[in-house]
Amino acid sequence: MKTVYLDNNATTRVADEVREAMSPYFSELYGNPSSMHTFGGQVHRNIEVAREKAAALINADPEEIIFTSCGTESDNTAIMSCLESAPHKKHILTTRVEHPAVLNFCKTMARRGYRVTFLPVDRSGSLNLEELKASITDDTAVVSIMYANNESGVIFPMDQISEIVKSRGAPLHTDAVQAAGKVPVDVRKVPVDMMSISGHKIHAPKGIGALYIRRGVRFIPYIIGGHQEKGRRAGTENVAAIVGFGVACELAKKHVNTATATVRQLRDRLEQGLLAACPDTRVNGDTHNRLPNTTNISFEYVEGEAILLRLNEYNICASSGSACTSGSLEPSHVLRSMGVPFTAIHGSVRFSLSAYNTDDDIEMVLRIMPGIITELRELSPYGREVKRSF
Ligand code: PLP
């Protein structure tokens, strides 16, 4: 049975072009880029080509990019660098809806004596910018606010956020892991100090990421050792992944506008089709400022896990904001922060698309899903109760 993969915010398939570009680095081009000989030197040159491509995706200079092992490392590195650069400052400002790579790092810093402000969001998943402004103090060592949310797809207004944070003189990091490659991101227009990106969300392999560090911004390395990445990130480079990441960035940049339009059309068709076919269903989060590939839908009176298990029988992959399926014991902190009622959180499903999805994929979900929802509601005592009361 064909797999219908609608979980692209979790990870994406590696593009054929990426895999092909990586292949020689497992066989003939196995030199160490730090070696003096020509054999290693050619590998070094190809890392620099990849750096140019990664920089181009966000309109940065290549010297402003370091390669890391993943988005999580980029996030941890950026925040830690800001804290260590201003050891007398003890305040961190972030939001309640960050990915655990930022959220849990900040919680760890709180246990180490930092004061952390977690800004709330409203029902649409949006930040109050006045509250952001009022929360920055002279003691703020770093502001870390994500570009786009992995669960709701909501995009924060990074242009306004960076203007506010800059006007208060605080360093700004953004986790753009879900945004870069899906929507145009330009560090010249949105003057953040640091930005995290990750390979496996844009058709490169898992285990490769990058951190943008604006020229002139003080940076203190997190991983200490050899002189790789001009002393900014030690460890022998994951050459194949870096080269693959470069190709993925190049493809993403080339296709960001056309692919976005196609993916948005498919996403909208899926969303509208499900809303029309399934009563007591609604979309979570701002539907205007949103990633073009993401929809987070709550189906009242059913469990997200049950929906996913039924979809799984048809090889349809999505994810849920309820506990367990998300790999956590707690229901989604993002939906809870948005004030989504518990019944709706438990019945939430995130569909996230990529350019590899087709009309047939959407057709299949629209054919199967309404029946699954009706059936599960029939089985649920609460669902039956609700039906009877109408
Ligand atoms: N930040 C966001 C918004 C994410 O969605 C993810 C991954 O899901 C990460 C960070 C972590 O990236 P990685 O899996 O490359 O460590």
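Biologist: Before that, what are the ground rules for the model?

Modeller: This is a predicted model, in which local features need pLDDT of at least 70, side-chain atom pairs count only at pLDDT 80 or more, and totals for chains, interfaces and linings use all residues. Residues are numbered from 1 along each chain as its sequence is written, and side-chain values use heavy atoms, with hydrogens and water left out.

Biologist: Which residues come nearest to the ligand?

Modeller: Thr72, Asp175, Gln178, Ser198 and Lys201 come nearest, out of 13 residues around the ligand. A residue is near a molecule if one of its heavy atoms lies within 4 Å of it.

Biologist: And which element gives the largest share of that shell?

Modeller: Helix H3, residues 71-85, gives the largest share, with three residues. Helices here are DSSP runs of H or I with at least four residues, strands are runs of E with at least two, and both are numbered from the N terminus.

Biologist: How does the shell divide by class?

Modeller: The shell has seven polar, three nonpolar and three charged residues.

Biologist: What lies opposite the oxygen atoms of the ligand?

Modeller: A polar side-chain atom of Thr72 lies 2.6 Å from a ligand oxygen, and one of Ser198 lies 2.7 Å from a ligand oxygen. From Gly71, a backbone N or O atom lies 2.8 Å from an oxygen atom of the ligand. The protein buries 88% of the 390 Å² that the ligand exposes when taken alone. Accessible areas come from the Shrake-Rupley method with a 1.4 Å probe; for residues, only the protein chains shown count as cover.

Biologist: Now the sheets. What is the strand order in the seven-stranded one?

Modeller: The order is S2-S8-S7-S6-S5-S3-S4, in an open sheet with mixed pairing. Strands S2 (65-68) and S4 (115-119) stand at the edges with a single partner strand each, so one side of each has no neighbour in the sheet. Neighbouring strands are turned by 20° against each other on average, direction ignored. Two strands pair if DSSP finds at least two bridges between them.

Biologist: How do S6 and S7 run, parallel or antiparallel?

Modeller: S6 (residues 172-175) and S7 (residues 194-198) run parallel and are joined by three bridges. Thr174 has Met195 in S7 as its bridge partner.

Biologist: And the other sheet?

Modeller: Four strands form an open, antiparallel sheet in the order S9-S10-S13-S12. S9 and S12 are the edge strands, each pairing on one side only. Five bridges join S10 (residues 294-299) to S13, where Ser298 stands opposite Ser348 and Asn296 has Arg350 as its bridge partner. On S12 (residues 319-320), which is joined to S13 by two bridges, Ser319 stands opposite Arg350.

Biologist: Why is S13 described as largely enclosed?

Modeller: Five of the five residues of S13 (residues 348-352) are buried, so the strand is largely enclosed by the rest of the structure. Buried means under 20% relative accessible area, exposed over 50% and partly exposed in between, with a 1.4 Å probe and protein chains only. Ser348, Arg350 and Ser352 are buried on one side, and Val349 and Phe351 on the other. In a regular strand the side chains alternate between the two faces of the sheet.

Biologist: A change of topic: what does the side chain of Thr95 contact?

Modeller: The side chain of Thr95 makes a polar contact of 2.8 Å with that of Glu98. A polar contact is a pair of N or O atoms within 3.5 Å; within protein, one must be able to donate a hydrogen and the other to accept it, and residues adjacent in sequence count only if both atoms are side-chain atoms. A polar atom of the Thr95 side chain also lies 3.2 Å from the backbone nitrogen of Val97. Thr95 is in strand S3 (residues 91-95) and is buried, at 0% relative accessible area.

Biologist: What about Arg310?

Modeller: Arg310 lies in helix H9 (residues 304-313) and is buried, with a relative accessible area of 16%. The Arg310 side chain makes a polar contact of 2.5 Å with the side chain of Glu313.

Notes
Nonpolar A, V, L, I, M, F, W, Y, C, P; charged D, E, K, R; others polar. Axes fitted to C-alpha atoms, helices over the stretch in contact; angles between N-to-C directions.
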